[in-house]
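Please keep the sequence and the coordinates at hand while reading.

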Amino acid sequence: MFDGIGPKQMQELMVQARKQAEELQKSMQTTIIEASSGGGAVSVKVNGRRQILELKIDAEVARSGDLEMLQDLIIAAVNEAGRKVEEAMSSSLGGMLNGVM
């Protein structure tokens with residue numbers, strides 16, 4: 001893959017890769033992903049580091065008294081948000097890697 005690349009070119013590739021890694025880190029901090037479950041009964045916003053920024057629960061669901069269902073909806077929304085973060089970061093990383101290679 002790196003056959004025929006001299007030390008100078010390798011160093012340039014490393015500098016470029018480091019710069020792109022820093023850009024990805026910044027992107028992860030500013031990326032906001034929203035996901036929901038139960039037809040919007042529970043929604044969650046997370047950042048690219050999968051930290052929960054906001055959690056909303058529909059009042060009707062909260063009043064239902066079905067704690068187990070509410071817990072399941074929260075878990076589903078958080079997991080969906082995590083999946084979307086993975087997808088977004090993989091897409092970003094793939095684009096950056098194509099620029100290096």
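The structure is a predicted model, in which local features need pLDDT of at least 70 and side-chain atom pairs count only at pLDDT 80 or more, whereas totals for chains, interfaces and linings use all residues. Residues are numbered from 1 along each chain as its sequence is written, and side-chain values use heavy atoms, with hydrogens and water left out. The protein contains three helices and three strands, where helices (H or I, at least four residues) and strands (E, at least two) are DSSP runs numbered from the N terminus.

**Overall make-up**

- The order of the elements from the N terminus on is α-β-β-β-α-α.
- The protein has 101 residues, of which 26% count as buried; buried means under 20% relative accessible area, exposed over 50%, and partly exposed in between, with a 1.4 Å probe and protein chains only.
- The accessible surface amounts to about 7,000 Å², and carbon and sulfur atoms account for 53% of it; such areas come from the Shrake-Rupley method with a 1.4 Å probe, and for residues only the protein chains shown count as cover.
- Among contacts with a separation of 6 or more, 48% involve residues 24 or more positions apart, a contact being heavy atoms within 4.5 Å.

**The sheet**

- The three strands make an open antiparallel sheet in the order β1-β2-β3; two strands pair if DSSP finds at least two bridges between them.
- The edges are formed by β1 (32-37) and β3 (52-57), each of which pairs on one side only.
- On average, neighbouring strands of this sheet are turned by 15 degrees against each other, direction ignored; the axes are lines fitted to C-alpha atoms, for helices over the stretch in contact, and angles run from 0 to 180 degrees between N-to-C directions.
- Strands β1 and β2 run antiparallel and are joined by six bridges; within this pairing, I32 stands opposite N47 and S37 has V42 as its bridge partner.
- Strand β2 (residues 42-47) pairs with β3 in the antiparallel sense over five bridges, with K45 opposite E54 and V42 partnered by I57.
- Five of the six residues of β2 are buried, so this strand is largely enclosed by the rest of the structure.

**Hairpin turns**

- Four residues lie between β1 and β2 in their hairpin, and G38 in the turn has a positive phi of about 60 degrees.
- The hairpin of β2 and β3 also has four residues between its strands, and here R50 takes a positive phi near 65 degrees.
- R50 is a residue other than glycine with a positive phi.

**Side chains of the strands**

- In a regular strand the side chains alternate between the two faces of the sheet.
- Leaving aside residues up to four places away in sequence, S37 touches V42, L73, I74, A76 and A77.
- I52, L55 and I57 form a nonpolar patch on the surface, with about 250 Å² of accessible area together; patches are made of residues with over 30% relative accessible area and no salt bridge, like charges being joined within 9 Å and nonpolar side chains (Val, Leu, Ile, Met, Phe, Trp, Tyr) within 5 Å.
- L55, a residue of strand β3, counts as partly exposed at 41% relative accessibility.

**Salt bridges**

- A salt bridge is a side-chain nitrogen of Lys or Arg within 4 Å of a carboxyl oxygen of Asp or Glu, and the count by this rule is five.
- The side chains of R50 and E86 form a salt bridge with an N to O distance of 2.0 Å.
- Because R50 lies in the loop between β2 and β3 and E86 in helix α3 (residues 67-100), this pair ties together parts that are 36 residues apart in sequence.
- R63 and E60 form a salt bridge whose closest N and O atoms are 2.9 Å apart; both residues lie in helix α2 (residues 59-63), three residues apart, about one turn of the helix, and both are exposed.
- E87 and R83 meet in a salt bridge at 2.9 Å, N to O; these residues are four apart in helix α3 and are therefore separated by about one helical turn.
- Salt bridges with shared partners join E80, R83 and E87 into one network.
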